[in-house]
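Morning, everyone. Please look at the screen. I'll go through helix packing, then the ligand.

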Amino acid sequence: MHTPTSVITIERFIVEQERLYPQATGELSNLLYDLCLAAKIISRQVRRAGLSDILGMNATTNVQGEVQAKLDVFANETVRNAVSHTGRLCVMASEEDEEPVAVPDGKPLGKYVLLFDPLDGSSNIDVNVSIGTIFSIHRRVSKGKGPGILADVLQSGSKQIAAGYILYGSSTMLVYTTGQGVHGFTLDPTIGEFLLSHPLIHTPEVGKYYSVNEGNWAKWNQPVQRVVAAFKNGDGTMKPKQARYIGSLVADFHRNLLSGGVFMYPADTKSPRGKLRLLYEASPMAMLVEQAGGMATDGNIRVLDIVPRELHERTPLVIGSKTDVEFATAVMSEAKPGALV
Ligand code: FDP
């Protein structure tokens, strides 16, 4: 039984997980701690986001004369600063940066590769709706001990050794997996610690929600329309589902992970290859969902099997409760690739 003094901090949890691997060097654990620090700093800034105007801070300088960055730029720099000097990474890639991000000159290099979306759902920042940070960790594949190269960041999702997200919602949560199930931690801001709140998350087999931007209906091909109509109205043994769509992937994904649901961002005539980014959004979420007993496809094949060809590649995404993703994939894969109405 937990008492207020027997809570499990994320540090303790990570150490206990590490002990399951006698050969572990502790470097991955340390990288996860670095990300926790970035999460706390970003969380603090997100909580103050709406105050910047009334406290006299604007887009350029704050009261201390410091330059104020936009929140997504701030988040990008915060993650980078938390991880780039520690000797655990050989290269990084961020949704915010055109090219892979090198470890700064003079800093030690390590064996891991970090990909991240520093602040996902950015259209929601100005209206006080939940946003998130997503991360994905690979082992380097290039030979030698020099800086990492493009091949290190262009790995398929099945090669990830860890993935997770931080949700800046009604509370701040960090949810991650290292391939031993999915675990969720809630930030207690009074002590500045992430505490284990959702051990071993298992997502329901059948979802009660479907989450899709239905404003795109006229841009979808017929199989996608059939899938969404089935989720809405029911089909055969499938009962009608409730609609929930925030338009912030981390928030939509998190709700469906806990409550059961299917999130879709299919290809459409405006975005023929889908909207979401394979490396920063789809792959890490796919690892998480599979670890929680769910499924993720691009409407045809398993997301984790897609071999990326470029850093900012987009992909259609169907992700969530297994039965629902299987259903959608079966209907959608009958559509010829690129056959949009
Ligand atoms: P955003 O454009 O606000 O940054 O990929 C980014 C993303 O948000 C996801 O977080 C979200 O699921 C999706 O795009 C929302 O797209 P639509 O506004 O087209 O529905």
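Is the crossing of α5 and α8 left-handed or right-handed? It is right-handed. Handedness has a rule: the crossing is left-handed if the near helix is turned anticlockwise from the far one by less than a right angle, and right-handed if clockwise.

Before more, the ground rules. This is a predicted model, where local features need pLDDT of at least 70 and side-chain atom pairs count only at pLDDT 80 or more, while totals for chains, interfaces and linings use all residues. Residues are numbered from 1 along each chain as its sequence is written, and side-chain values use heavy atoms, with hydrogens and water left out.

Back to the helices. They are DSSP runs (H or I, at least four residues), numbered from the N terminus. Helix α5 spans residues 222–233, and helix α8 spans residues 322–332. Their axes come within 8 Å and cross at roughly 150 degrees. Axes here are lines fitted to C-alpha atoms over the stretch in contact, and angles run from 0 to 180 degrees between N-to-C directions. So α5 and α8 are roughly antiparallel. The cut-offs: under 35 degrees is roughly parallel, over 145 roughly antiparallel, 65 to 115 roughly perpendicular, and the rest oblique.

Next pair. Helix α2 (residues 27–47) packs with helix α3 (residues 71–83) at about 155 degrees, their axes 9 Å apart. These two are therefore roughly antiparallel. Their crossing is right-handed.

Last pair. The axes of α6 (residues 249–259) and α7 (residues 278–291) come within 12 Å and cross at roughly 15 degrees. That makes α6 roughly parallel to α7. This crossing is right-handed.

For Asp120, the distance is 2.6 Å. For Tyr265, it is 2.6 Å. For Glu281, it is 2.8 Å. The protein covers 80% of the 460 Å² of accessible area that the ligand has on its own. That area comes from the Shrake-Rupley method with a 1.4 Å probe.

Key. A polar contact is a pair of N or O atoms within 3.5 Å; within protein, one must be able to donate a hydrogen and the other to accept it, and residues adjacent in sequence count only if both atoms are side-chain atoms.
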